[in-house]
Amino acid sequence: MLGGQFAGARGALRHRIALAREDCPEGVGGPPLRRLVGELEWLVEPARRAFRRYEPAAARRPRTVMLLPGFATHPVRMRYMARRLEAAGHRVKRWGLGFNWGPTEGNIASLETRLEDLAARHGEPVALVGWSLGGLFARELAKRRPGEVAKVVTMGSPFSWSPRANNVWRAYHLVTGHRVEEPPVAVELSAKPPVETVALWSPRDGIVHPRAACGAPGERDRAVAVRCTHMGFAYDPRAIDAVLRELDR
């Protein structure tokens with residue numbers, strides 16, 4: 001029995017490695033290396049935060065907000081944003097799934113239940129703010145439960161162009177065991193949800209190609225440029241201010 005389990009695990013690992021070694025389609029790629037290196041600025045963010053004086057303006061319309069983290073990140077990575085949104089007057093909730101290791105029918109169903117509960121408890125539709133892969137979850141959740149979603153705000157989320165127009169798709173293949181264009185759930189990434197949908201993107205993004213995160217007309221209602229890194233979407237005051245402006249609209 002143990003031998004069979006070991007052989008199965010070895011076969012699964014080989015499959016994941018093979019997926020990670022696939023070629024990228026011609027003409028498709030992530031941001032250049034200099035942008036990717038720029039993402040390392042997140043390492044000094046704790047030191048910057050110790051000296052930062054950033055107090056957001058009070059919300060004109062307080063909302064119930066769910067934050068959805070990026071691939072391989074935990075909601076704690078969005079804690080700084082959560083606290084700033086709360087300081088502005090919003091009710092901020094986690095997505096309830098811990099680390100984001102990619103989509104499954106199970107975690108999508110759990111999110112639907114979480115969304116339904118939050119909307120009922122607070123008596124209003126919920127604004128979904130998703131960072132990177134979390135934004136793809138937010139868009140699909142809004143398609144399934146539009147009546148319980150006030151609006152969707154994505155931050156550096158690769159919903160357009162090619163699913164491989166980023167610098168992490170190989171890691172995604174290795175971790176999830178499936179191709180980015182073949183998730184184990186039925187999705188149409190570029191299809192706009194039937195609620196107001198805003199795409200925040202950055203020309204400085206070192207992970208996701210700006211074209212993939214900005215989207216095309218018809219794939220979102222508006223696209224807003226924010227000059228931050230991909231990692232910075234979770235903590236940069238410019239990104240937080242952009243989210244606050246969208247929540248006030």
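This briefing covers the sheet, the helices packed on it, the cores, the salt bridges and some backbone details.

The model is predicted: local features need pLDDT of at least 70, side-chain atom pairs count only at pLDDT 80 or more, and totals for chains, interfaces and linings use all residues. Residues are numbered from 1 along each chain as its sequence is written, and side-chain values use heavy atoms, with hydrogens and water left out. Six strands form an open, parallel sheet. The largest nonpolar core has 29 residues. A search of the whole structure finds 22 salt bridges.

**Sheet**

- The strand order is β2-β1-β3-β4-β5-β6, with parallel pairing. Helices (H or I, at least four residues) and strands (E, at least two) are DSSP runs, numbered from the N terminus. Two strands pair if DSSP finds at least two bridges between them.
- β2 (91-93) and β6 (222-225) are the edge strands, and each pairs on one side only.
- On average, neighbouring strands of this sheet are turned by 20° against each other, direction ignored. Axes are lines fitted to C-alpha atoms, for helices over the stretch in contact, and angles run from 0 to 180 degrees between N-to-C directions.
- Six bridges join β3 and β4 in the parallel sense. Leucine 128 has valine 152 in β4 as its bridge partner.

**Helices on the sheet**

- Helix α4 packs on the sheet and touches β1, β2 and β4. The direction of α4 makes about 170° with that of β1. Contact means heavy atoms within 4.5 Å.
- Helix α6 (residues 133-144) also packs on the sheet. The strands that α6 touches are β1, β3, β4 and β5, and its direction makes about 150° with that of β3.

**Nonpolar cores**

- In the core of 29 residues, Leu67, Met81, Leu85, Met155, Leu200, Phe233 and Val243 touch the most other members. A nonpolar core is a set of buried Ala, Val, Leu, Ile, Met, Phe, Trp, Tyr and Cys residues joined through side-chain atoms within 4.5 Å. Buried means under 20% relative accessible area, exposed over 50%, partly exposed in between (1.4 Å probe, protein chains only).
- Two or more residues come from each of β1 (64-68), α4 (79-88), β3 (126-131), β4 (149-155), β5 (197-201) and α9 (237-248). The most come from α9, which gives six.
- Leucine 85 touches Val65, Leu67, His90, Val92, Ile240, Val243, Leu244 and Leu247, not counting residues up to four places away in sequence.
- Another core, of 26 residues, lies apart from the largest one. Its members include Leu115, Ala119, Leu133 and Tyr172.

**Helix α7**

- Trp169, Tyr172, His173 and Thr176 are buried in helix α7 (residues 169-176). These four are on the same side of α7, because they cover an arc of only 100° around the axis. The arc is that of the directions from the helix axis to the C-beta atoms.

- Most residues other than glycine have a negative phi.
- Alanine 72 has a positive phi, near 65°. Its place is the loop between β1 and α4. Alanine 72 is partly exposed, at 31% relative accessibility.
- Tryptophan 161 has a positive phi near 60°. This residue lies in the loop between β4 and α7. Tryptophan 161 is partly exposed, at 32%.

**Salt bridges**

- A salt bridge is a side-chain nitrogen of Lys or Arg within 4 Å of a carboxyl oxygen of Asp or Glu.
- Arginine 49 and glutamate 45 meet at 3.0 Å, N to O. They are four residues apart in helix α3 (residues 45-51), so about one helical turn separates them. Arginine 49 is partly exposed at 33%, whereas glutamate 45 is buried at 2%.
- Arginine 144 and glutamate 105 meet at 3.8 Å, N to O. Arginine 144 lies in α6 and glutamate 105 in α5 (residues 105-122), so the pair ties together parts that are 39 residues apart in sequence. Arginine 144 is partly exposed at 33%, and glutamate 105 is partly exposed at 41%.
- Arginine 249 pairs with glutamate 246, with the closest N and O atoms 3.9 Å apart. Arginine 249 is exposed at 54%, but glutamate 246 is buried at 5%.
- One network joins Glu22, Arg164, Arg179, Glu181 and Glu182 through salt bridges that share partners.
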